[in-house]
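Trainee: I am new to this structure. Could you walk me through how to read it?
Mentor: Gladly. Let us look at it together.

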Amino acid sequence: MGGLLTFAPASWAASSQMAIITAPDAPQLTFNQDTLRNVYLKRIFVDDHGRRLTPVNLPSGDSLRDAFAHAILHMDGVQLQDYWNKQYFQGVSPPYVLASPDAVVQFVAKTPGAIGYVAACQVDASVRVAMTITLPSKPGNELPACPERHASP
């Protein structure tokens, strides 16, 4: 079975790099943290070309989702729940939740306008990195290590 070969140095185990990803054929989007925040809070629904934007999240309680919410949305879980409860009554639903980083990569690769986030070491050739974010490291709140990928014989 073939696949993308990626070797991660030992320093990646404590990596705090998050990649914001889009489909490779998506128009180049200009992202900064404020724009990304507004896309994820569903204040921006379409890009400059009128394409619908579809942000996706990892499951609640995932350490990368918590880090993303804190670093980009400037909210904790309780604040986000309160925000989405209010938005729901205005007809705005929260971003889709996907079960794993692999699911995020696959969904974003195949869905026009989709935007997701994964640890930088989980990016493969099926997606484009639109932005990389260095997360502040906090003792006891490290992101999980990326699995090593080995070449198949």
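Trainee: Which are the buried residues of helix α4?
Mentor: Keep in mind that this is a predicted model. In α4 (residues 101–110), the buried residues are Pro101, Val104, Val105 and Val108.

Trainee: What do the buried residues of α4 pack against?
Mentor: They pack against β1, β2 and β4.

Trainee: Then let us turn to the sheet. In what order do the strands stand?
Mentor: The general idea is that strands of a sheet pair through backbone hydrogen bonds, either parallel or antiparallel. Here 5 strands form an open sheet, and the order is β3-β2-β4-β1-β5. The pairing is mixed.

Trainee: Which strands stand at the edges?
Mentor: β3 (96–97) and β5 (128–134) do. Each has a single partner strand, so one side of each lacks a neighbour in the sheet.

Trainee: How many bridges join β2 to β3?
Mentor: There are 2 bridges, and the two strands run parallel. β2 spans residues 54–57. Look at Val56: the residue opposite, in β3, is Tyr96.

Trainee: Is Thr54 buried or exposed?
Mentor: Buried means under 20% relative accessible area. Thr54 has 7% relative accessibility, so Thr54 counts as buried.

Trainee: Now the helices on the sheet. Which strands does α1 lie across?
Mentor: α1 (residues 33–40) lies across β1 (17–22), β2, β4 (114–119) and β5. Against β4, α1 runs at about 115°. Helix α2 (residues 63–73) also packs on the sheet, and touches β1, β2, β3, β4 and β5. The direction of α2 makes about 110° with that of β4.

Trainee: Which residues of α1 are buried?
Mentor: Leu36, Arg37, Val39 and Tyr40 are buried in α1. They cover an arc of only 160° around the axis, so they lie on the same side of α1. Their cover includes β1, β2, α2, α3 (77–88), β4 and β5.

Trainee: What is found at the two ends of α1?
Mentor: At the start, a side-chain oxygen of Asn32 comes to within 2.9 Å of the backbone nitrogen of Asp34. After α1 comes Lys42, with a positive phi near 60°.

Trainee: Last, the rings. How many aromatic pairs does the structure hold?
Mentor: The structure holds 6. One of them joins Tyr40 and Tyr117. Their rings are tilted, 5.9 Å centre to centre, with 55° between the planes. Tyr40 lies in α1 and Tyr117 in β4, so the pair ties together parts 77 residues apart in sequence. Tyr40 counts as buried at 2% relative accessibility, and Tyr117 counts as buried at 1%. Ring pairs also link Tyr40, Phe68 and Tyr117 into a cluster.

Trainee: What about Tyr88 and Phe89: buried or exposed?
Mentor: Tyr88 counts as exposed at 57% relative accessibility. Phe89 is exposed too, with a relative accessible area of 73%. Their rings form an edge-to-face pair, 5.6 Å centre to centre, with 80° between the planes.

Definitions and conventions: Residues are numbered from 1 along each chain as its sequence is written. This is a predicted model: local features need pLDDT of at least 70, side-chain atom pairs count only at pLDDT 80 or more; totals for chains, interfaces and linings use all residues. Side-chain values use heavy atoms; hydrogens and water are left out. Two strands pair if DSSP finds at least two bridges between them. Helices (H or I, at least four residues) and strands (E, at least two) are DSSP runs, numbered from the N terminus. Contact means heavy atoms within 4.5 Å. Axes are lines fitted to C-alpha atoms, for helices over the stretch in contact, and angles run from 0 to 180 degrees between N-to-C directions. Buried means under 20% relative accessible area, exposed over 50%, partly exposed in between (1.4 Å probe, protein chains only). The arc is that of the directions from the helix axis to the C-beta atoms. A polar contact is a pair of N or O atoms within 3.5 Å; within protein, one must be able to donate a hydrogen and the other to accept it, and residues adjacent in sequence count only if both atoms are side-chain atoms. Rings of Phe, Tyr and Trp (its six-membered ring) pair if their centres lie within 6.5 Å; planes under 30 degrees apart count as stacked, over 60 as edge-to-face and the rest as tilted.
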